[in-house]
Amino acid sequence: TPPDPAASDAAVLAQAGQKLVSANGGFSCISCHGVGDFAATQVFEAPGINLAYSYERLLPDYYRRWLRAPTSIDAESKMPVYFDETGRSPLPDILEGDGPRTVAAIWEYLRLGTKAPRPE
């Protein structure tokens, strides 16, 4: 497990994480996941857990494996795969598409729990 980032880097990552979960240039996680009192915007058949409470429920290693390849853990998962076979993010404008930093940024956003700012 990598060490937690320094507080200043954690804040920068959390801000990127807020963008990453949004529908405005991010992965649009909020389509299926609420964040606190912000409801999911387009839940179809598979509502996801509320992201404001997920940090307390997820182990870091499981979270990283899940985010990188959800169907490798649950073949029935409706969550899409967002990273390519090399681990790169399809969003080069956020953290230059660096997969591990992208995953870390969302984790830092999740760490804010109920204090997480609303996604865009």
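**View 1. The largest pocket has a volume of about 620 Å³.** This is a predicted model, where local features need pLDDT of at least 70, side-chain atom pairs count only at pLDDT 80 or more, and totals for chains, interfaces and linings use all residues. Residues are numbered from 1 along each chain as its sequence is written, and side-chain values use heavy atoms, with hydrogens and water left out. A pocket here is an open set of points on a 1 Å grid over the protein atoms alone, where a 1.4 Å probe fits, with protein on both sides within 12 Å along at least five of seven lines. Its volume is the space filled by probe spheres set on those points, which are joined across faces, edges and corners.

**View 2. The lining of the largest pocket.** Which residues lie nearest the centre of the pocket? They are His33, Gly48, Ile49, Trp66 and Met79, out of 28 lining residues (a lining residue has an atom within 4 Å of a point). Helix 2 (51-57), helix 3 (60-68) and helix 5 (99-111) each bring at least two residues to the lining, and helix 3 gives the most, with 4. Helices here are DSSP runs (H or I, at least four residues), numbered from the N terminus. Sorted by class, the lining has 19 nonpolar, 6 polar and 3 charged residues. For that sorting, Ala, Val, Leu, Ile, Met, Phe, Trp, Tyr, Cys and Pro are nonpolar, Asp, Glu, Lys and Arg are charged, and the others, Gly among them, are polar.

**View 3. The largest nonpolar core, with 24 residues.** Leu20, Phe27, Tyr63, Leu67 and Ile106 have the most contacts inside this core. Helix 1 (7-21), helix 3 and helix 5 are the elements that give two or more residues to it, and helix 5 gives the most, with 6. A nonpolar core is a set of buried Ala, Val, Leu, Ile, Met, Phe, Trp, Tyr and Cys residues joined through side-chain atoms within 4.5 Å. Zoom in on Ile106: leaving out residues up to four places away in sequence, Ile106 touches Gly17, Leu20, Val21, Phe27, Tyr63 and Leu67 (contact means heavy atoms within 4.5 Å).

**View 4. Gln18, a residue of helix 1.** Is Gln18 buried or exposed? Gln18 counts as buried because its relative accessible area is 17%; the cut-offs are under 20% for buried, over 50% for exposed and in between for partly exposed (1.4 Å probe, protein chains only). Beyond its neighbours within four places in sequence, Gln18 is in contact with Tyr109, Pro117, Arg118 and Pro119.

View 5. At 22% relative accessibility, Ser28 is partly exposed. With a relative accessible area of 66%, Glu96 is exposed.

View 6. Ala104 is partly exposed at 28% relative accessibility, while Ala75 is exposed at 64%.

**View 7. Confidence along the chain.** The protein chain averages a pLDDT of 91, and 93% of the residues score at least 70 (pLDDT is the predictor's confidence in each residue, from 0 to 100).
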